[in-house]
Amino acid sequence: NFAATKKLDSRITYERTGGASFVNEFGKVVKVGANVPRFDHDPMTRESKGLLIEESRTNVAEVSEDFDDTTHWEKYSQSVVTNVATAPDGTLTADNIIPSAGSAAARYLYFSNNEFPLATSTAYTTSIFVKKNGLRYFAFQAHDNGSGSGHRAGFDLDNGTVVSGTPNNMGSASGVSASIVEFPNGWFRCIITGTTAGSGSTGKTAFSFSSALDGNASVGAITADGTNGGYVWGHQVEAGAFVTSYIPTDLSTATRGADQTYIDGDDFLDFYNQTEGTVISSHSILPNIPSNHNLYTYQISPTGATAYAPLRILDKNSSIANSIAVASVYNNGYSFLTTDTGNPVTVAGRKYVIAASIKKDDYDAVFDGGNLLSDGSGDLYTADHISIGYYKPSPQAYLNGHIQRLIYYPTKLTNNQLKTITS
């Protein structure tokens, strides 16, 4: 019960390279080192989300918390006062950004002296934590050197909403979106996702606080009084079409390795029944995950025989219309495959409770207490591990979400039991 106990069973092995972060029960961003499992929470409701599983990401913005570092940041009619406010991680490391008085003229902080490399025609997500300090709006721009306009969005820090911005051209830019996530004590994480141009390879970030925004959330159209501004912390630029947990940097890029959680060896064989069994799981996925991502809640399989798996749960896969599926895999094909009634697309943030009972030629599954879905086929090829939240070996697919609970019975539960447990 990951959500309740916030620790791993002693039989579970967890591995992850690099530093990472999660949100604790007080809504605070907590930084941790390699090989430390993360039990995440909603920053505002403080609800325990369970064990966080993410793919590997790199923050290519080399200075994520010092906005007065002149090697990386240029000031255009802006002043920066460092380490004057409590940041989302509870430390006094947030910087105060104050645009000079006036309107319309360009006023922004610009990450450009040491531009970070971006791959062409690739989705990137840029995010930053911000807090109002007198000025209501935040103009945010991410772009490459193929164009001066970039991807833009404006944010209302009174209401916590995206209020303006258009997908301004980055050459062949596409797929632009913006979102905002509320954190305690007036903080928000502002997020822009967009695809880079087909030419040009360096990235830039520009932003400013303002008392008003133009229709394009332009950092060249700021209104300020020279006294008020806002706080910033945690700048992140990562290749990917959705935002992930914060990766701190300090004068160099930083990579958070993928979360790998599994049970193998005698720890697995001591409890696993090779002839029949039942697995019940509760999990949810992160927002804005593209349809071409494969997501795995868990897989029971033999090591080295990736073409075979007696039991697998997939959350997203274009071949199954991005609906949650319970499957048995034989020789790279499905000997058993069932999706939820009506094949609904997996919804971000929703908790799914799924029960799957397996026996040779006798597979059953129930999604959220719904209809019993059965199949008279499927084999239980000898397995030696369960990978939790990803595909093992040769990991290629990750849950990118949270697992609240995972239960295993070494017997095949009855159909009524499956429905009752998942209701």
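Predicted model: local features only at pLDDT ≥ 70, side-chain atom pairs only at ≥ 80, totals over all residues.

Residues are numbered from 1 along each chain as its sequence is written, and side-chain values use heavy atoms, with hydrogens and water left out.

The structure holds 17 salt bridges, a salt bridge being a side-chain nitrogen of Lys or Arg within 4 Å of a carboxyl oxygen of Asp or Glu.

One of them joins Lys351 to Glu47, with the closest N and O atoms 2.7 Å apart. This pair links distant parts of the chain, 304 residues apart, since Lys351 is in the loop between strands E27 and E28 and Glu47 is in the loop between strands E4 and E5; strands here are DSSP runs of at least two residues and helices (H or I) are runs of at least four, numbered from the N terminus.

Next, Asp156 pairs with Arg136 at 2.8 Å between the closest N and O atoms. Asp156 counts as buried at 3% relative accessibility, whereas Arg136 is partly exposed at 30%, where buried means under 20% relative accessible area, exposed over 50% and partly exposed in between, with a 1.4 Å probe and protein chains only.

In a further salt bridge, Lys412 meets Asp364 at 2.4 Å, N to O, and both Lys412 and Asp364 are buried.

Finally, Arg38, Glu54, Arg256 and Asp259 are linked in a network of salt bridges.
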